[in-house]
Structure formats: structure tokens, C-alpha cells
Amino acid sequence: MSALEMVRDAVAIVLLLLGTFLCLTAGLGLVRFPDVLTRMHAGTKPQVLGVLLIMVGAAIRLQGWSATWMLLLVAVFQMLTAPVSAHMISRVAYRRRHVRRDRLMVDELNSGGGVRDRVYQGDEPADAPPEQPGAALAKSREEDEAR
Amino acid sequence: MSEPVSPAAHRLRHQLPLLVWLVLVWNLLWGTWSWANLISGAAVALGVTLLLPLPPVVGGSRVRPLPTLRFVGHFVADLVRSGALVAWQTVRPSGIDRSAIITVQLRTDSDLLLTILAESLTLVPGSMVIDLDRERRTISLHVLHVRDEADLERQRAAVLAEENRVVRAFGSPEEVAALDAAGGRTA
């Protein structure tokens, strides 16, 4: 084994280890972070970077271009799809009030609204009724009339 | 287009980037470059676009090499930085502090540009897109780990800078002019 090959292998191993570590932190974040929105951060950023590093490491380690093209495709689709799925999940979570309001500094998306959840903490079942059904009904009627 | 074109030809012209992309994916999946792959890829791409038609992307888009390079460079740097940052926030003992949901008034008005912007914003440090109000052109982001108002202002400025880079890289001349008129910085 020549010196060049050894250097190449060492770089590949470092990249692979770094990538797996980042994917591990993504999993760790899912456990440690308090609510859906923050968990989605952990599920996208270290995850995507980890997969990218693993792809680069594997491309260096594997011989032949055909594998490299496949890895490139995996990387591209990872970057295209991860933000979309994270966005969809967090949007649903926000609309179903799976938000830890006590951990939010500001919420400008909901600032003008009269209905504020005071009791809900963000880990209620998805079909939990509105905290104040009367106020929520009045607000939705108001919105219907304004339309 | 001075001469009248048939609807089929018009649609084909709009679908051309999608066709090229599908053929490219087909060839990358096979891993080798050959005429057989190219032709079979073209056949599959035509079949896919005919059977599962997508609405055409409206609004002219172009790619300017230098601003695109700057956008990609910033994007890769941000991607690495945000990956490392969030990884550190998951493993450090103190965990994360408070987060925030902010809305930012955008200046662009193009579906394609807003899509690129939202995709890239989710991958850069701190922010994740929750909602995008297409009519009012506001974007709502969840920001991980904020300490004070200054953090929020910094995040807002980062979103606008990202928008600036996206529009300058991929927007039509009118879009860039609108950005300049709205006070886009040349940062």
C-alpha cells in the first residue's frame, strides 16, 4: 500500500467517523430537546451534514465512478427532501399546538390573536380540544365574517 | 415567440429542464454513460412527464455564475456551521435555552425563488421555516436558542441577506430591480 493510498484511507475514515458522530447527535437531539419544533432542528441540520460527510468519505473509499454518482444522488436528494419534511412536520405541530410556549421567547406568528393556550404545554395528544372552546369558536366566526 | 406555437410544443418547452434532470438522474443511477442509457432515460423521462404532469414553473429564472457561486459558497459554509452548532447544542450538558418564532417580511414575489429560499433557510444555522404566507410575502421561522432581542435581529438580518443572495443568483432582472428598490443591500 502506497503512502498516497494510506492518506486517502485516513481522510475517508475521518470523514466517515465525523459523519456518524453527527448522525448520533441528531438522534441525541431527538431525545434531549423539549418539543417537536426543536427536535426538527436536530433532525435536519446535523443529520444532513452527517449524511453528506459519510457520502464524501464513502466516495473516497470506494473505487469506481458508478458508486460515486449514486452517492451524489443520495446527497442531493437528502438536501432537497429533509427541509421539506421537517417543514411539514413542524407546521402541523405548530397548528396542532404541539409547542412548548414556556420555552418560546416570542411568537410573532400568533401575536395578534386573542386565543392563547395557557395550560397546554406542547405534549398533548394531537386531537386535544381547544383550551377555551368558546373563545376559539368566536374567533373562527370572526374570521369567517371578515372573509 | 412571434409565431404561434401549439400547446404541446409550448408545454414541452416548459418541461424541458425537468426532462433533462430526469435523464441525468437516470444516467447517474446506472452509473455509466452510454447511448443506451441516454435513450432509455429519455424514454422514461417522457413517460413520467406525460403520465404525471406537473404545473410549469412560472416566472423567468436564470442562473448567474458569480452570484450563484457566492450563494453556494455561503450555503455550504452555513451548512457546516449549523450542523456543528446544533450537534454541539445536543451534546452539551446545559442543553438548549429558549427558542422563538419570528416572522420576516420578504421582498421577492416568485414561487421558485421563495422555494429555494425556504429550502436553504431550513439548512442554515438556527432557523427552520414553519409557515410562508404567499399573499403577504412573510415567512415564519422557528429559531433555535435565542438569548435576547439582539439574537432575533441578527436572525432577521441573516434571512434578508440570504434572500438577497438567492435573488441575485437566480432571479430575473425585474426581481433584482425590485430588490434594489426595496432597499436590498449588496452584502
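This is a predicted model: local features need pLDDT of at least 70, side-chain atom pairs count only at pLDDT 80 or more; totals for chains, interfaces and linings use all residues.
View 1. Taken as a whole, chain B has a mean pLDDT of 80, and 87% of its residues reach 70 or more. If you like overall scores too, the model has an ipTM of 0.76 and a pTM of 0.76.

**View 2. Helices α5 and α6 of chain B cross each other.** Here we zoom in on α6(B) again, now beside helix α5 (residues 149-170) of chain B; their axes come within 8 Å and cross at roughly 150°. Since angles over 145 degrees count as roughly antiparallel, that makes α5(B) roughly antiparallel to α6(B). The crossing of the two helices is left-handed. On the α5(B) side, look for B:Asn164, B:Val167 and B:Arg168, and on the α6(B) side for B:Glu175, B:Val176 and B:Leu179, which together make the contact. Sorted by class, this contact holds 3 nonpolar, 1 polar and 2 charged residues.

**View 3. An open sheet of 4 strands takes strands from chains A and B.** Read across, the strand order is β1(A)-β1(B)-β3(B)-β2(B), and the pairing is mixed. β1 of chain A and β2 of chain B stand at the edges with a single partner strand each, so one side of each has no neighbour in the sheet. On average, neighbouring strands are turned by 25° against each other, direction ignored.

**View 4. Two strand pairs of the sheet, up close.** Strand β1 (residues 104-107) of chain A runs parallel to β1(B), and 2 bridges join them. Look here for A:Asp107, whose bridge partner in β1(B) is B:Ile101. By contrast, β2(B) and β3(B) run antiparallel, joined by 6 bridges. B:Met128 stands opposite B:His142 of β3(B).

**View 5. Two helices of chain A lie across strands of chain B.** Helix α2 (residues 36-61) of chain A lies across β1, β2 and β3 of chain B and runs at about 115° to β2(B). Helix α3 (residues 65-95) of chain A lies across β2 and β3 of chain B, at about 70° to β2(B).

**View 6. The side of chain B that touches chain A.** The contact draws 32 residues from chain B and 36 residues from chain A. Elements giving two or more residues to the chain B side include α1 (7-30), α3 (65-91) and α4 (111-123) of chain B. The largest share, 8 residues, comes from α3(B). This side of chain B divides into 18 nonpolar, 11 polar and 3 charged residues.

Technical notes: Residues are numbered from 1 along each chain as its sequence is written. Chains are lettered from A and ligands numbered from 1 in the order in which they are written. Two residues are in contact if their C-beta atoms, placed from the backbone, lie within 7 Å. Ala, Val, Leu, Ile, Met, Phe, Trp, Tyr, Cys and Pro count as nonpolar, Asp, Glu, Lys and Arg as charged, and the others, Gly among them, as polar. Two strands pair if DSSP finds at least two bridges between them. pLDDT is the predictor's confidence in each residue, from 0 to 100. Axes are lines fitted to C-alpha atoms, for helices over the stretch in contact, and angles run from 0 to 180 degrees between N-to-C directions. Angles under 35 degrees count as roughly parallel, over 145 as roughly antiparallel, 65 to 115 as roughly perpendicular and the rest as oblique. A crossing is left-handed if the near helix is turned anticlockwise from the far one by less than a right angle, and right-handed if clockwise.
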